[in-house]
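Grab a pencil and get ready to read a protein model piece by piece. Try each task yourself before you look at the solution.

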Amino acid sequence: MYITFYKFFISFTTFEVNVFYMTNFEQLLYQHSPEPFPIINQANSVGDYTTIDLSATNKELQQIDITNAVDFERYIRLYLTKKNKKVAYGGYNELRAIYKRSGHFYTENPKDERNIHLGVDFWCAAGTAVLAVLNGVVHSFKNNTAFGDYGPTILLEHELKGVTFYSLYGHLSIQSLQGLTVGKTVKRGEVIGRLGNASVNGNYAPHLHFQIIKDVEGNFGDYKGVTSLNDKEKDLINCPDPNLLLKLK
């Protein structure tokens, strides 16, 4: 595989980058639009969002039982109140401890354990509407019911300048999949689903897992959202930082 890297400086009012080395695909995402892309309904301004650290090094998380969805949801709610924001987001390339609770991710070999997050999470109330970030079509959808998995999930297929790629929306409500058909056209800004609660979303506090994927590798309604140390390098190339497109920073 050949990858071309670019070095350049770009500055926008809402998103600033000093020096980036980018693959062709990352450059395509970054240069698509200078404007932020809203993804959560009723949070249409960059000022409605705040970053959150859910990494294994966050000592604040050691004071709560993050594996308990009720405690986790309370923590998110208090965090948003403290910050006076509507949505907390973050997590790309973040090493997390929460996945140890599930055999879906955990193995005894540290290099094979899946605990490095490949998408961006958006934390807010269950039932909150989720917006399509780009025009596209429904590639596939599925309820991934394993403990700690996505729950209801939608994959959209997109095309920009001849390049096909995908976006994944995970931890949705069951109702989000009702009436959905493969190939259905989706417009940017359209409501494509709502956040599920812990009973359907893999037993997490309500949130959206959003991920950009270059190659879904034959998957249907699913693609791993957490990787291992052994696979980190190739998976981060295949799944670049969604904020290159979203520009929420």
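Predicted model: local features only at pLDDT ≥ 70, side-chain atom pairs only at ≥ 80, totals over all residues.

Residues are numbered from 1 along each chain as its sequence is written, and side-chain values use heavy atoms, leaving out hydrogens and water.

**Exercise 1. Find out how confident the predictor is, and where the pLDDT is below 50.**

Step 1: pLDDT is the predictor's confidence in each residue, from 0 to 100. The protein chain averages 88, and 86% of the residues score at least 70.
Step 2: The pLDDT is below 50 over residues 1-16. Beyond near neighbours in sequence, that stretch has 41 contacts in the model (a contact means heavy atoms within 4.5 Å).

**Exercise 2. Count the helices and strands, then say how much of helix α1 is buried.**

Step 1: Helices (H or I, at least four residues) and strands (E, at least two) are DSSP runs, numbered from the N terminus. The protein chain has 4 helices and 14 strands.
Step 2: Buried means under 20% relative accessible area, exposed over 50%, and partly exposed in between, using a 1.4 Å probe and protein chains only. Of the 249 residues in the protein chain, 51% are buried.
Step 3: Now zoom in on α1, residues 24-31: 6 of its 8 residues are buried. Among them are Phe 25, Leu 28 and Tyr 30.

**Exercise 3. Decide whether Tyr 89 and Phe 122 are stacked or edge-to-face.**

Step 1: A pair of aromatic rings is described by the distance of the centres and the angle of the planes. Rings of Phe, Tyr and Trp (its six-membered ring) pair if their centres lie within 6.5 Å; planes under 30 degrees apart count as stacked, over 60 as edge-to-face and the rest as tilted. By this rule there are 7 aromatic pairs.
Step 2: For Tyr 89 and Phe 122 the centres are 5.9 Å apart and the planes meet at 15 degrees, so this pair is stacked.
Step 3: Look at where the partners sit: Tyr 89 is in strand β4 (residues 87-90) and Phe 122 in strand β6 (residues 120-123), 33 residues apart. Tyr 89 is buried at 6% relative accessible area, and Phe 122 is buried at 0%.

**Exercise 4. Which residues does Lys 232 touch?**

Step 1: Lys 232 is in helix α3 (residues 232-238), and at 27% relative accessibility Lys 232 is partly exposed.
Step 2: Not counting residues up to four places away in sequence, Lys 232 touches Asn 93, Ile 116 and Thr 227.
Step 3: Check Leu 118 too: Lys 232 and Leu 118 are 114 residues apart in sequence, yet 8.9 Å apart in space, C-alpha to C-alpha.
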